[in-house]
Amino acid sequence: TQAESFTGNLFLIGFMGSGKSTIAAELSRMLHRPVLEMDEEIEKREGMSIPAIFSEHGEAYFRQLETDLLKETSALGGFLVSCGGGAAMREENVREMKKSGIIVLLTALPETILERVADDENRPLLKGRKNTADIEALIEKRRPAYEAAANYQVATDQKTSAQIAGEILEIL
Ligand code: S3P
């Protein structure tokens, strides 16, 4: 199929809890392609958790690690890249992604996001903000940049991973 012969990278972007990791894993099973989980790769390289990187080195340091990793990744191909939620907020990063592949934005309603992130302690930017109003405000702030970056958008509310992955395969 066309999806199987796609040789670039596929970048999944979107807000925390939009389903990037889950859908990258689902696509990986379907396409037999490796996943690059940006947050996980950065944690491995730094030898510490995302909250520890934020608290010990600050957010700017973390953002530079993301940019460096994206540059490396765009020099390669064939990855299903599950981006950190902030990765598409830097224009420089978006340029890197576009060089080597296509960008799919996953969206979800604030209520859906809240359900998905409720028990997660690993997201410093959501600390003390786990309510619909705060999440909605954060999403709205990011939406213009996400939409400008994306080649395609897929809504994830009330759908199974298989359905969402199927929609993405049709795009490729
Ligand atoms: C962030 C999202 C997180 C992680 C970091 C910052 C963001 O990734 O990179 O906590 O700025 O939206 P997930 O989208 O995988 O939660």
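Colleague: How many salt bridges does the count come to?
Modeller: The count comes to 13 salt bridges. The rule asks for a side-chain nitrogen of Lys or Arg within 4 Å of a carboxyl oxygen of Asp or Glu. Side chains of opposite charge can pair when their charged atoms come close.

Colleague: What kind of model is this?
Modeller: This is a predicted model, where local features need pLDDT of at least 70 and side-chain atom pairs count only at pLDDT 80 or more, while totals for chains, interfaces and linings use all residues. Residues are numbered from 1 along each chain as its sequence is written, and side-chain values use heavy atoms, leaving out hydrogens and water.

Colleague: Back to the pairs. Which residue does E72 form a salt bridge with?
Modeller: E72 pairs with R45. Their closest N and O atoms are 2.9 Å apart.

Colleague: And where do E72 and R45 sit?
Modeller: E72 is in helix α5 (residues 59-75), and R45 is in helix α3 (residues 38-46). The two are 27 residues apart, so the pair links distant parts of the chain. Helices here are DSSP runs of H or I with at least four residues, strands are runs of E with at least two, and both are numbered from the N terminus.

Colleague: How accessible is E72?
Modeller: E72 has 40% relative accessibility, so E72 counts as partly exposed. R45 is partly exposed too, at 44%. Buried means under 20% relative accessible area, exposed means over 50%, and partly exposed lies in between (1.4 Å probe, protein chains only).

Colleague: Which residues are linked with E72 in a network?
Modeller: E41, K44, R45 and E72 are linked in a network of salt bridges.

Colleague: What about R123, which residue is its partner in a salt bridge?
Modeller: D120, with the closest N and O atoms 3.0 Å apart. R123 is partly exposed at 26%, and D120 is partly exposed at 27%.

Colleague: How far apart are the closest N and O atoms of E92 and R90?
Modeller: They are 3.9 Å apart, and E92 and R90 form a salt bridge. E92 is partly exposed at 30%, as is R90 at 26%.

Colleague: New topic. How many helices and strands are in the protein?
Modeller: Nine helices and five strands. From the N terminus on, they run α-β-α-β-α-α-α-β-α-β-α-α-β-α. The radius of gyration is 15 Å, close to the 16 Å that the globule rule gives for 172 residues, so the protein is as compact as a globular protein of that length. That radius is taken over C-alpha atoms, and the rule is 2.2 Å times the number of residues to the power 0.38.

Colleague: What box do the C-alpha atoms fill?
Modeller: Roughly 45 × 35 × 25 Å, taken along the principal axes.

Colleague: Now F11. Buried or exposed?
Modeller: F11 is buried, with a relative accessible area of 0%. F11 is in strand β1 (residues 9-13).

Colleague: Which residues is F11 in contact with, leaving aside its neighbours within four places in sequence?
Modeller: Among them are L70, V81, C83, M97 and I103. Contact means heavy atoms within 4.5 Å.

Colleague: What share of the 172 residues is buried?
Modeller: Buried residues make up 47% of them.

Colleague: And of contacts between residues at least 6 apart in sequence, what share joins residues at least 24 apart?
Modeller: That share is 74%.
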